[in-house]
Amino acid sequence: IKQLGKQISINDIRSNMKTTLIFMRYLVPLQKSTTRGCLHQAKGASSGFSTFVGPSSQIPSLFLLPTYHRSATRSHSSSSSAIASSFEAPVPPESHGHPVFPHIEFNNSDNANSLTRNSDSNAVFVVSGASRGIGLQFVSSLLERTQGKIIACCRSPATADQLNNIASQHTDRIEVLPLDLEDQSTIDALGLQLTKTYQRIDALFNVAGILGDGGISTPGPERSLASIERDWLEKSLAVNIVGPTMLVKALSPLMRTKGKRKILIDNGGKQLVVIPPTDRPPTVIVNLSARVGSISDNQLGGWYTYRSSKSALNQMTRTMAHELKRQGSHIIALHPGTTNTDLSKPFQKNVQDGRLFPVKFTVEKLLDVVDSVVEENNGGFYDWAGKALPF
């Protein structure tokens, strides 16, 4: 609720009976008459709030009714109230091209699938790139929103001070394991270890990625064709598309929820028989992509290797979805928006006011999307607000 631009907290309402009575007096007729009136965006209001105009003209304009828009943000029950009060997300920009998937319907966010997965103490959540930025925040947010085990993966666990600090306070829930997406042996080792220890994975967050610093110490992201270097191109593809693909290959057998029961895993020349649990909701795989990976939305050029690697990741996501749905797994590609992390720091001076997201805001919104995914969204490309993006 906004009154002359001032946020009114729930405590204000609870502590003031007169305010509560006035609020109820106008809220009830407002809800009854919305079908006869219309909703308009309030000037200065966030993208998710509208003011009612119509038959109930007696309603003061200072009362604003929260109304969901597909392109607007949504507040989840477990999201941080501090973030909701300190950061107002912009309306996602329009795209060139046409999305082929439906937008995320957030009224599905509290469905049985997400509730069951998040409340299952035996569930296993795997996060790559977990030592900093968005990956580190995924670990923290999953601690708050879920009850299961969190496998936090990074290249150098010994030097991941922030991650180790969190893990040391939650030794019963967080396990830190090595993973280098450029080293296939670490991917294979991770898959084998998780097979032996847990024999299941319920969600995989492919977060690790590489962009470059714009010429300070890396060639990428390149602004011109002449700036492309073979070594950097190969490294970008290795980290942004090859590594995530091989990780899905290694871990997806543990994500099966239907179909054949027994799975054979190679264990040093010997076959390890695994029977993942089937009495659980569809598992979910999240590939962290980027809007610049959209081919139809590319109106500026530049960023050759990064764009190409994310376009490939989007294609891989959609292709995998056709196969993975047969085993009861959903997979989506997500654009997080420009987030205040080390990855974006070299480019933040060019970001418009209000478009640089706090990392906790970003991850909470992404998890809202993940918790709302249904079969119709499988293989889709979405932004942080649940808006389908064109490939």
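Which residue forms a salt bridge with Arg-145, the closest N and O atoms being 2.7 Å apart?

1. That partner is Glu-364. A salt bridge here is a side-chain nitrogen of Lys or Arg within 4 Å of a carboxyl oxygen of Asp or Glu. Arg-145 sits in helix α5 (residues 133-145) and Glu-364 in helix α10 (residues 359-370), so the pair ties together parts 219 residues apart in sequence. Helices are DSSP runs of H or I, at least four residues, and strands are runs of E, at least two, numbered from the N terminus.

2. Before going on, a word on the source: this is a predicted model, where local features need pLDDT of at least 70, side-chain atom pairs count only at pLDDT 80 or more, and totals for chains, interfaces and linings use all residues. Residues are numbered from 1 along each chain as its sequence is written, and side-chain values use heavy atoms, leaving out hydrogens and water.

3. Arg-145 also meets Asp-371 in a salt bridge (3.1 Å, N to O). Asp-371 lies in the loop between α10 and β14 (381-383), 226 residues from Arg-145. Arg-145 is buried at 9% relative accessible area, Glu-364 at 3% and Asp-371 at 6%; buried means under 20%, exposed over 50%, partly exposed in between (1.4 Å probe, protein chains only).

4. Have a look at Arg-280 too: its side chain forms a salt bridge with Asp-202 (3.1 Å, N to O). Asp-120, Arg-200, Asp-202 and Arg-280 are linked in a salt-bridge network.

5. Met-255, in the loop between α8 (230-251) and β10 (263-267), is buried at 0% relative accessibility. Its contacts (heavy atoms within 4.5 Å) beyond four places in sequence include Asp-202, Arg-280 and Ser-329.
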